[in-house]
Amino acid sequence: LLLVIARLAWKGAPKAPPPTPPAQWELPYSHPAGLAFDGESFWIPDWFSQTIYVHERQGLRAARTVHLPGEVPGAAAFAAGALWTSSGKRLVKHMLDAKLTVLSSAQDAHGQTVGMAYDGLYLWTCDAKTGRLHKRILDADLTEVAGYRYPGTRPAALAYDGKTLWSVDAGSRDLIEHDIADPEKIRRRIPLSAYRDGDWKPVGLAFDGIRFWTAAENIPKADRLGRVFMHPVDLRHSSGGGK
């Protein structure tokens, strides 16, 4: 009798809901290289067309485009009232006008910057070549005041959530929360299901105050349109943890 009751209870137990897939949007171009959020819109550089696309937050409609003929734009971030982009071995500061007029340009001593984030005081950058994080002040040369070994596999993008530094690791396909006092220490790793099958390569990361978003380039087919993923888990509060 107890066995029958147990079987009935097991059959009647509600099944756990399947994990919520990330929301995703197809981009009207194939080669996104970064992602920045200005509080209202997402700004995505496309390196192939040398263009910044400004997308509305709701629906991701491309509401504005700005061609940058003198750049091959990569990582992007807003800092101190300007848009900063990486372009080859240079870091470029743009005025927030209709043409994104160049205000200054600094040599990037560490090679191609793939990620960029501003914490209100310092501009953080990362490069995939040396696998390091760079903490910079906003002077004319973007002087590095500290450098750190990247604790993941292959850094792809950076974001700041108002309290701490995050990165996307293109090797492990994780979202990584860093200890901002010592970014070599990992506070939390979160697997990103959007990248599980290996078809997409993360190239940009942004935090909109509630959720994290990533921009992605397709790996198998270079001419396939890019994507933006909104990751469904609320990540505002750290759970702590180690490596």
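The entries below concern pockets and cavities.

I worked from a predicted model, in which local features need pLDDT of at least 70, side-chain atom pairs count only at pLDDT 80 or more, and totals for chains, interfaces and linings use all residues. Residues are numbered from 1 along each chain as its sequence is written, and side-chain values use heavy atoms, with hydrogens and water left out.

I took a cavity, on a 1 Å grid over the protein atoms alone, as a set of points where a 1.4 Å probe fits but cannot get out, and a pocket as an open set with protein on both sides within 12 Å along at least five of seven lines; lining residues have an atom within 4 Å of a point.

**Largest pocket.** I noted a space of about 340 Å³ in the largest pocket. Of its 20 lining residues, Ala-33, Gln-112, Val-114, Lys-201 and Val-203 are the closest to its centre. Strands E6 (73-79), E10 (113-118), E14 (155-160) and E18 (200-207) each supply at least two lining residues.

**Second largest pocket.** I recorded a volume of about 250 Å³ for the second largest pocket. Its lining has 17 residues, and Phe-37, Phe-78, Tyr-118, Tyr-160 and Phe-207 lie nearest its centre. Strand E2 (36-37), together with E6, E10, E14 and E18, gives two or more residues to this lining.

**Cavity.** I searched the whole structure and found one cavity of 30 Å³ or more. The largest cavity holds about 50 Å³ of space. Its lining includes Gly-34, Leu-35, Val-114, Met-116 and Val-203.

Notes:
Points joined across faces, edges and corners; volume = space filled by probe spheres on them. Helix = DSSP H or I, 4+ residues; strand = E, 2+ residues; numbered from the N terminus.
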